[in-house]
Structure formats: structure tokens, C-alpha cells
Amino acid sequence: MKRKYGLFWAGVFSVHLFFFIWQVLTPDLHLVDSEEYITEAHNILTSGSFYCGDLTEPIRYDDFTKRPPVYPLLLAGVFGAGGGEWGMILLQNLLSLFNFFLLIRLGLATGLAEKHFHWMLPFIFLYPAQFIYANMIMAEIFFQTILLAMVFSAIRGIGEKSWFWLGIYTLLFMAGALTKPVLYLFIFPHTLVILVLIFKWRSHWGWIWILIPLLVWMGYMKANERRTGYFHFSSIQNLSLLQYTTYNLLIHTYGADSALTLADNILYRSLAQPDYASGQKLLEKECTAVIREHKWPFIQFHLKGMVNFFIDPGRFDLYSFAGIIPEGNNQGFLAAFSQDGYRGVVVYLKKQPLGIVLLLILVAFANLIKFAGILVFAFRRKIPVENRLVIVGLVFYIAGLTGSSGASRFAVPVFPLLLLTVPGIISAIISRLPISSKKKVY
């Protein structure tokens, strides 16, 4: 990369090195999800089974589809090649560095002024989740790579009217959905966009990039039905619907004790059904009924969760990485917010060490600026509208699908896209200062 990026790369390399050394000195590469990814990788290597549970214990049908195959396959490849878990950590750090390279390429492709890349550095330093998950056996950084490559390919494909690049984007989209199920419903905006381009460009080649994902989705869900008896993409959907969306809505509405009782009642009745499919259908029906019964509180809670998606400073990520609290502790921002809203978060903060509180406030403030940045970026008329739609649309799709859970970890995959908008918002602020020459970035 050119010399003008020297400061940028020095900062990026330094923070990666700091977190990697920290992880080496205090090695704990696992969260709860990590164990399931690792178990599935070992099951792939030993029995060819895409199952994220212990095969020696009674079968849990959820575990057949809870973790889609792509990240466990990557893990299995690294493990099978003798790399082990540290080999995966090294690979993820390299992927994280590559993502910053893609960020620069995206910045140039979308009209971001080159000289303002150094403005991103403080926001990189104030986003520890990026480097925490690069040093954990988790799919976030790999998924981030896929999303960035998707955006780059889509922007190039649309800009050059190239079905080849849109084909690359489509294959990446499919790989992304088979890494993180949150992306599989993107089939609907994907299909709409390709249809618009088919009619706009008067070309029928785009039908290929509509049909292939649809056929793969149907085939994958049919394969899941053969394994579990239930036609679905991933069990994580209904698990999240109950454990995050419904449970947090119930906490917000009735309080923690009543919420636990009501959520457990739904779970136990689903488990009491004669087969897995019946249980999942009942769970989905009961959770949907709770949401319909509390429509307005759900809408409010969901929208607040989307805001939290952008602002949450990642208390859980920091504490888990540093080993300050046990992994199972759930008395954090989300629990406080679910029970008492933002007032509960303030009360929670008062109980934390002052140094931690100051760091979390700084991270939250940086996140707030990035949130403002994506909103400003959406209306930057000098940026081609299709570029803005691709970037802003994908960011808000992920924010909307994660919804009420709204935790820092879910924002990691779109962090570089949010970072991309930082120079724009800073320039907009500076341009309004009395001493500013009002020079535009875009």
C-alpha cells in the first residue's frame, strides 16, 4: 500500500499485535459458542457429521442445524492440517488485517477522500471487539470478511454492469448465509435487486443469480428436514426467537421472574411434543403470539435494540476476554436494559470499576459517532446512490435481523462498513466550525 497509508497500517498492525500478545499471555480462546463450532469441526473430521453436539450423548435435534457448515468446515481444515486452535487464531488475525485492506479499497471505490483515512484510527483503537473476536474461536471475523467482499463485489458489479462480479457477490452471499444464518433471509432483497438489474440492463443472465441461491436454500432446508423431520434453515432462529426476542420482551413487560417462568413454560411445552417438528412449530407459534399480544412494546423494544446494536460498547466482550467474569454471567448491559431500559444501564454502570466505566463510555461515544456517520453517509448525494444502498442496506439489514438482542458482538461483521463513514461525519462536523474552510470530503 502507498506511503500515505503508513500511519494507518502502523496503527492497525500495532493494535492487532497488542491483542494477540495479550491472548498468548492469558490464553482462553473459547466462548460458549466456540465449543459448538469446535465440536462440529471434530465431528466432521471423525465421522463426517455436521453436528455441533457430543455424538456419545443423547441426540439433540437442535444441534444438527444450530451451527451452519462453512465455519466448522474451515476449522476442520485448519485442524486437519495440524494448525490447531492457534492456527485458526493466526488465520483470523490475517483475515482481520485483510479486512482493513478491503476497507481501503471500498473507501476508494465509494469516493472516500484518501487523505482522511487516518481519521479512522481512533475509532479502530476504540473498538476492541474487532481484535477480541480475531483472537477467539468464533465466526465473526470470517463472516466480516465475507460481508466486505460481498459489498466490494456488488458495488463493482453494479458500477461495471458486470454479471460476473454480481455472480461473485452471489456466491459470497451464499457462503455468508451458510456461516451465519442471519444472512439467509437476505434472499429477498437480493432477489429484488437482481430483478431490478435484469429489467434495467435488459439482460436475462441475472436469472442465474436468482435461481442458484433459491435452489441451494431449498436443498439445504430439505436436507435439514431429512435429518430432523423439520423443514428449516437453522435451529438458531427459533432458539433466538425464544431466548432473546421473546424472553427480553417479557422481561421488559413483566419483570425477570415472570419472564423466566413464561419462557420456560413455552420451552417445556415444545419439548413435550411428540416430535421435533411439532415442538418447533409450537415454539414459533407461542413466541409469535407473545409478540402479537405486545405489538407496541415489541416495536419499541426492537427499535431500541437496533440502536443498542450500533452503540453497545461490548462490556461482555471485554470482560470475557480479560477473564474478569465467568463466561456464564449475564448481568450486563442487555439484562439491565431488558429489565429497566436505559435507566437500568445507568444503574448498572454505577456498580462497575471507574476505569472500566470510562473505557466503556469512550467506546460507546465512538460507536455513537459511527452510528451518526452511517446516517449521514446514507444521504451523501455525491456518493452514487447504488453504493449507498448496498452499504447502508446491508448494515441496517443486519441491525434489523438481530433486533432486540442488539449486542456488540452482532455488530462486529459490519464494523468496517461503519468505520468507512467516519471521515464523512467528522468532515461534516468540521465544516460547520467557524474556523473551517468548509472543504468537502466527498
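Student: Which residues have the most contacts inside the largest nonpolar core?
Tutor: A nonpolar core is a set of buried Ala, Val, Leu, Ile, Met, Phe, Trp, Tyr and Cys residues joined through side-chain atoms within 4.5 Å. Here the largest one has 109 residues, and Phe 8, Phe 100, Ile 124, Met 150, Phe 173, Leu 183 and Leu 419 have the most contacts inside it. Helix 8 (residues 140–160) gives the largest share of this core, 13 residues. Helices are DSSP runs of H or I with at least four residues, numbered from the N terminus.

Student: What should I know about the model itself?
Tutor: It is predicted: local features need pLDDT of at least 70, side-chain atom pairs count only at pLDDT 80 or more, and totals for chains, interfaces and linings use all residues. Residues are numbered from 1 along each chain as its sequence is written, and side-chain values use heavy atoms, leaving out hydrogens and water.

Student: Is Gln 130 buried or exposed?
Tutor: Buried means under 20% relative accessible area, exposed over 50%, and partly exposed in between (1.4 Å probe, protein chains only). Gln 130 counts as buried because its relative accessibility is 0%. Gln 130 sits in helix 7 (residues 128–134).

Student: Which residues does Gln 130 contact?
Tutor: Contact means heavy atoms within 4.5 Å. Leaving aside neighbours within four places in sequence, the partners of Gln 130 are Ser 96, Phe 100, Ile 141, Gln 144, Val 412 and Phe 415.

Student: And where is Leu 211?
Tutor: Leu 211 lies in helix 11 and is partly exposed, because its relative accessible area is 46%.

Methods: Helices (H or I, at least four residues) and strands (E, at least two) are DSSP runs, numbered from the N terminus.
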